[in-house]
Amino acid sequence: MAKIIVVTSGKGGVGKTTSSAAIGTGLALKGYKTAIIDFDIGLRNLDLIMGCERRVVYDFVNVINGEANLNQALIKDKRVDKLFILPASQTRDKDALTRDGVERVLNEMKESFDYIICDSPAGIEAGAMMALYFADEAIVATNPEVSSVRDSDRILGILQSKSKRAEQGLEPVKEHLLLTRYNPERVANGEMLSVEDVQDILAIDLLGVIPESKAVLNASNSGQPVVLDSESDAGQAYNDAINRLLGEIVDFRFLNVEKKGLLKRIFGG
Ligand SMILES: Nc1ncnc2c1ncn2[C@@H]1O[C@H](COP(=O)(O)OP(=O)(O)OP(=O)(O)O)[C@@H](O)[C@H]1O
Ligand SMILES: [Mg+2]
């Protein structure tokens with residue numbers, strides 16, 4: 001039976017799709033059969049970041065409407081065994097996802113997958129509500145700035161009051177904080193909130209801290225989830241977060257300004 005994990009944030013552009021792609025790919029690399037679902041109807045970004053945009057024939061809405069079955073719509077990743085993507089539709093109809101339809105598709109997927117990662121759209125409108133409604137766990141992507149923390153706090157409230165688990169009085173959705181685009185230099189200068197500041201406000205378990213990194217842009221430009229770039233800081237930080245999600249205790253890295261070595265200080269660079 002699959003675990004359903006939503007990657008959500010409230011605020012737009014904080015790194016949800018980047019994180020969904022990285023974490024989904026990482027779980028599959030560890031041998032778990034994983035599907036990543038793009039709930040961002042109309043925008044369709046996940047397939048680009050996963051590099052499978054040219055292989056999209058059918059999408060999530062087609063499956064809900066019975067125009068295609070799951071096997072026709074799921075795209076099997078060519079690099080990582082056990083990894084599948086269910087792309088979003090490009091329809092303008094924001095109501096294309098019905099609660100019954102989404103539940104039917106998730107129930108069918110639950111039978112054969114270990115993890116289902118739901119990449120939420122921004123905001124707290126219908127699409128974002130649909131992405132989080134059936135979640136067992138939530139990864140709340142947050143940038144170290146006040147507006148993002150405020151929106152994450154709002155999403156935490158919604159997870160505890162409007163999710164299926166809340167409505168049915170089941171064990172609450174397990175919440176994880178994923179701090180994204182963390183820039184230690186700007187934190188040191190007082191331009192951004194620190195890990196401790198964000199943790200104090202949101203008071204949920206810290207899953208990972210992903211540094212602001214050029215590797216993320218390079219990865220998305222080449223359609224490679226950044227976790228496959230195991231040399232990169234962001235790739236390593238995502239890998240640490242995945243290990244924590246699987247229950248390991250892993251030290252945090254990339255939290256402090258990198259001290260320049262003597263040669264670099266003398267010669268620059
Ligand atoms: N750790 C990072 N370092 C540098 N850039 C990043 C990082 N994480 C995300 N980005 C960049 O931030 C932008 C937004 O990322 P992404 O699309 O993953 O966010 P999102 O939360 O899914 O956005 P939306 O709310 O529009 O769905 C992208 O240009 C991405 O490359
Ligand atoms: Mg996105």
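This report looks at aromatic rings and the charged side chains over them in a predicted model.

## Aromatic pairs

Let's start with the rings. The structure holds 4 aromatic pairs, and two of them are described here, one after the other. A pair of aromatic rings is described by the distance of the centres and the angle of the planes.

## Tyr32 and Tyr115

Tyr32 and Tyr115 make an edge-to-face pair, with 5.3 Å from centre to centre and 90° between the planes. Tyr32 sits in the loop between helix 1 (16-29) and strand 2 (34-38), while Tyr115 belongs to strand 5 (residues 115-119), so this pair ties together parts that lie 83 residues apart in sequence.

Are these two tyrosines buried or exposed? Tyr32 is partly exposed, at a relative accessible area of 31%. Tyr115 is buried, because its relative accessible area of 9% is under the 20% cut-off.

## Charges over rings

Now for the charged side chains. What lies over the face of Phe113? The residue is Lys33, at 4.7 Å from the ring centre.

Turning to another ring, Arg244 lies over the face of Phe252, at a distance of 3.7 Å from the ring centre.

How values were computed: Residues numbered from 1 in each chain as written. Chains lettered and ligands numbered in written order. Predicted model: local features only at pLDDT ≥ 70, side-chain atom pairs only at ≥ 80, totals over all residues. Heavy atoms only, no water. Phe/Tyr/Trp six-rings, centres within 6.5 Å; stacked < 30°, edge-to-face > 60°. Helix = DSSP H or I, 4+ residues; strand = E, 2+ residues; numbered from the N terminus. Buried < 20%, exposed > 50% of the residue type's maximum accessible area, 1.4 Å probe, protein only. Lys NZ or Arg CZ within 6 Å of the ring centre and 35° of its normal.
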